[in-house]
Amino acid sequence: MVSFGLIDEWDPRPGRVTSWVAAPQTVAAAEHAPDHHVPPSHQQEEYLRAAQRNRDAGFRFSRLCLIAFDIQAPLDTEAMTTALTTFLRRHDTFQSWFAVDDDGVVSRHVIDPEIIELAHAAHGELPNAAQIREHVQAETPGPFRWDCFSFGAIEWEGGFTLYCAVDHLNTDGISQAMTCVDLMTLYMNAAFGMENPLSPVGSYVDYCARERAISRTLSRHSPHVQRWVELVQAHGGSLPRFPLPLGKESDTHTRSAHLTTSVFDEPAAQRFEDVCRANGANVTAGLMAVAAMAYADFTGESDYLGMTPKSTRAAGPELNSVGWFTSLIPVPLTVDGAARFTSMATQAGHSYAAGKELTDVSFHRVLELVEPADGIHVSPGWSVPMISYVDVRKLPGVEMFDAINGCLYGNRGSSEEVFLWINRFQDVTSMTFLYPDTEIAHVSVKEYIEKFIGIMTAVATDGDHVLSAPALA
């Protein structure tokens, strides 16, 4: 099973550390890269603005994403340099950097991929995991540097652990899996003279251009914009919140806490999926139905506005590209006093299908178009509870993840809301929460887990679940 969590929980085997960062001459040349006409994606733009507003937070506010896996062979330093350089030149998200001016305007600068060179340095024996974690985070620049990435190898007897640390600006969950497959293939080819083919990749810059072209066609009265507006208006003009208290009583930053727990084994996961499918829902829609029932049980409210991430990758080479290809889509549901999972799943299936129609209409763009009369109150840097489902069994190269001790981690930044990832592996389904590190939030999240898993287990065991809330508003 792939390990997920915070970098603080990464426990790499100690050993001799060699790291790779951008060569000084490349960094210097990148600083003079010309402006490029394609803006960042909407997601990147808001991420950079949030990082700019919180530069004085006292910790790394931006997200750092780390993958690591083992290679059971001695390290070939030159082959690794070749593999990593090829990787950076292959994916054009790594060829851009962004400047943010005092008015929050973000501009892209693009470098020539052929100038990308890496320099490696030996750091000697780092005797414990804590020192390795500290080294990786200290060596990886933030999102306002072109070179907001680093790589390294931790050598131990018989092999080494390869890690790749990249700011979230240039990656997402699927991209991290792609990175693992790419780097393994590139290194094996360079080190052992193999000729394993690489899948063709698309351009992340072209994706950003496509997204912006779609955005330029939108107006306040475009049907998809109107649908977003109506959904938020129906929610009182505000975005959804976690149904239980999180102990955030001020606007100051709250560091992230993390919790991972098992949901059920694979036979139960298949039974849950079978119930969803029999009632017109896929697993993601079924999980949104579970969330709506849990929300109603905790709050007594019948209207639930769920949010789930959706990949924005187009079919073809873009499916193999590294970049930040995600948007949030809405899944509104209504829960009545006689609600049962099977009927909620049917409703969720329709709502999720309708939400997918909004995949290419970023809510960030919608907020640029809303008018004062719309009564929508969303602050800069907004955050919403999010539920993500990934069938890890279907990710490219997943069959090798267990064999190579693959893991994915993020840094302990700031959390204002509760994010939930449900991941289905070959033998177990797990759920991972990222939430504010407060005493109240720890209690609330554990209470929520019990309710959420209880509903899922009832569906997998009995084929249905009946809402127990005595009254709904």
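Asn 405 is partly exposed, with a relative accessible area of 45%; buried here means under 20% relative accessible area, exposed over 50% and partly exposed in between, with a 1.4 Å probe and protein chains only. The model is predicted, and local features need pLDDT of at least 70, side-chain atom pairs count only at pLDDT 80 or more, and totals for chains, interfaces and linings use all residues. Residues are numbered from 1 along each chain as its sequence is written, and side-chain values use heavy atoms, with hydrogens and water left out.

Asn 405 is found in the loop between α12 (398-401) and β14. Helices (H or I, at least four residues) and strands (E, at least two) are DSSP runs numbered from the N terminus. The phi angle of Asn 405 is near 60°, a positive value in a residue other than glycine. Asn 405 also belongs to the lining of the second largest pocket, where Trp 10, Asp 11, Pro 12, Asn 405 and Cys 407 lie nearest the centre among 13 lining residues. A pocket is an open set of points on a 1 Å grid over the protein atoms alone, where a 1.4 Å probe fits, with protein on both sides within 12 Å along at least five of seven lines; lining residues have an atom within 4 Å of a point. The volume of this second largest pocket is about 150 Å³, taken as the space filled by probe spheres set on the points, with grid points joined across faces, edges and corners. Two or more residues of its lining come from each of β4 (64-71) and β14 (407-410). The most is given by β4, with 3 residues. By class, 6 lining residues of the second largest pocket are nonpolar, 3 polar and 4 charged. In this classification Ala, Val, Leu, Ile, Met, Phe, Trp, Tyr, Cys and Pro count as nonpolar, Asp, Glu, Lys and Arg as charged, and the others, Gly among them, as polar.

Strand β8 (residues 149-156) is largely enclosed by the rest of the structure, because 8 of its 8 residues are buried. In a regular strand the side chains alternate between the two faces of the sheet. Both faces of β8 are covered: Phe 149, Phe 151, Ala 153 and Glu 155 are buried on one side, and Ser 150, Gly 152, Ile 154 and Trp 156 are buried on the other. Strand pairing requires at least two bridges found by DSSP between the two strands. By this criterion β8 is joined to the antiparallel strand β9 (residues 159-167) by 8 bridges, and Ala 153 stands opposite Leu 162 in β9. The two strands form a hairpin with 2 residues between them, and Gly 158 in the turn has a positive phi of about 95°.

Strand β2 (residues 15-22) also pairs with β8, in the antiparallel sense over 5 bridges. Within β2, 6 of the 8 residues are buried, so this strand is largely enclosed by the rest of the structure. A further antiparallel pairing, over 7 bridges, links β2 to strand β7 (residues 118-126). Trp 20 stands opposite His 120 in β7 and opposite Phe 151 in β8, while Ser 19 stands opposite Gly 152 in β8.

An open sheet of 3 strands has the order β3-β6-β5, with antiparallel pairing. Its edge strands, β3 (35-36) and β5 (96-100), each pair on one side only. Strands β5 and β6 (residues 106-110) run antiparallel and are joined by 5 bridges, with Arg 108 in β6 as the bridge partner of Phe 98. His 109 is found in β6 and counts as buried at 10% relative accessibility. The side chain of His 109 makes a polar contact with the side chain of Asp 35 at 3.1 Å. A polar contact is a pair of N or O atoms within 3.5 Å; within protein, one must be able to donate a hydrogen and the other to accept it, and residues adjacent in sequence count only if both atoms are side-chain atoms. Not counting residues up to four places away in sequence, His 109 touches Ala 33, Pro 34, Asp 35, His 36, Gln 95, Ser 96, Trp 97 and Ala 99, contact meaning heavy atoms within 4.5 Å.

Met 288 lies in helix α9 (residues 283-299) and is buried, with a relative accessible area of 0%.
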